[in-house]
Number of protein chains: 2
Amino acid sequence: MAKVNIYVTPKKGILDPQGKAVESALHSLGYKNVENVKIGKFIELEVTGHGTSTSSVESSRVESQIKEMSKKLLTNPIIEDFTFEVVE
Amino acid sequence: MAKVNIYVTPKKGILDPQGKAVESALHSLGYKNVENVKIGKFIELEVTGHGTSTSSVESSRVESQIKEMSKKLLTNPIIEDFTFEVVE
């Protein structure tokens, strides 16, 4: 079993209205020294059945599955970037 | 200036309907080996005006500001946990 963390962020140059809204809200609360707020998604999941993550063949299978799932469902590749790490 | 990443996750034991929905969607797409999907938020922001992050006094000020902002606005402490790291 592999535990995977996936970080999804708005692409550079793409408008991030949620980030802008949070930034103004922070300014209204008095935190005027906060800039460039960007809000993305943090996805944790477990992948089983690829054997132990110590084997490099198995871990590359996990990685290619994660990339495939991210492109197909977890992110919108037109407006979002993603990175991931296998944590366990 | 300090760059900060904040990771917001649903608390253990709290229902995560978004995670459940994504998990079933992944299963329908054929990824039956995926379990325990949890969806949270990934917030990137920059904090200025606390001096360089090399000074430990300044970096502890950044940290306490981040904790305060997270509790007040960025997370719902009743149903969400958060962790953060100062990345630069």
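Modeller: By the rule used here, the count over all chains is one salt bridge. The model is predicted, so local features need pLDDT of at least 70 and side-chain atom pairs 80 or more, while totals for chains, interfaces and linings use all residues. Residues are numbered from 1 along each chain as written, chains are lettered from A and ligands numbered from 1 in written order, and side-chain values use heavy atoms, without hydrogens and water.

Colleague: Why is the contact of B:Glu68 and B:Lys72 called a salt bridge?

Modeller: The rule asks for a side-chain nitrogen of Lys or Arg within 4 Å of a carboxyl oxygen of Asp or Glu. For B:Glu68 and B:Lys72 the N to O distance is 4.0 Å, so the pair qualifies.

Colleague: Where do B:Glu68 and B:Lys72 lie?

Modeller: Both are in helix 2 of chain B, residues 56–74. They sit four residues apart, about one turn of the helix. Helices here are DSSP runs of H or I, at least four residues; strands are E runs of at least two.

Colleague: What makes strand 1 of chain A and strand 2 of chain A a pair?

Modeller: Pairing takes at least two DSSP bridges. These strands have seven, in the antiparallel sense, so they pair. A:Ile6 stands opposite A:Ile43 there. Strand 1 of chain A also pairs with strand 3 of chain A over seven bridges, antiparallel, with A:Asn5 opposite A:Glu85.

Colleague: How do you know that strand 2 of chain A and strand 2 of chain B pair?

Modeller: Eleven antiparallel bridges join strand 2 of chain A to strand 2 of chain B. A:Ile39 faces B:Ile43 in this pairing.

Colleague: In what order do the six strands form the open sheet?

Modeller: The order is 3(A)-1(A)-2(A)-2(B)-1(B)-3(B), with antiparallel pairing. Strand 3 (80–86) of chain A and strand 3 (80–86) of chain B are edge strands, as each pairs on one side only.

Colleague: What makes the lining of the largest pocket partly charged?

Modeller: Asp, Glu, Lys and Arg count as charged. The lining has five charged, four nonpolar and three polar residues. Among the lining residues are A:Lys12, A:Lys38, B:Lys3, B:Glu44 and B:Glu46.

Colleague: Which elements give two or more residues to that lining?

Modeller: Strand 1 (2–10) and strand 2 (34–47) of chain A do, together with strand 1 (2–10) and strand 2 (34–47) of chain B.

How values were computed. 1 Å grid on protein atoms, 1.4 Å probe; cavity = no way out; pocket = protein on both sides within 12 Å on 5 of 7 lines; lining within 4 Å.
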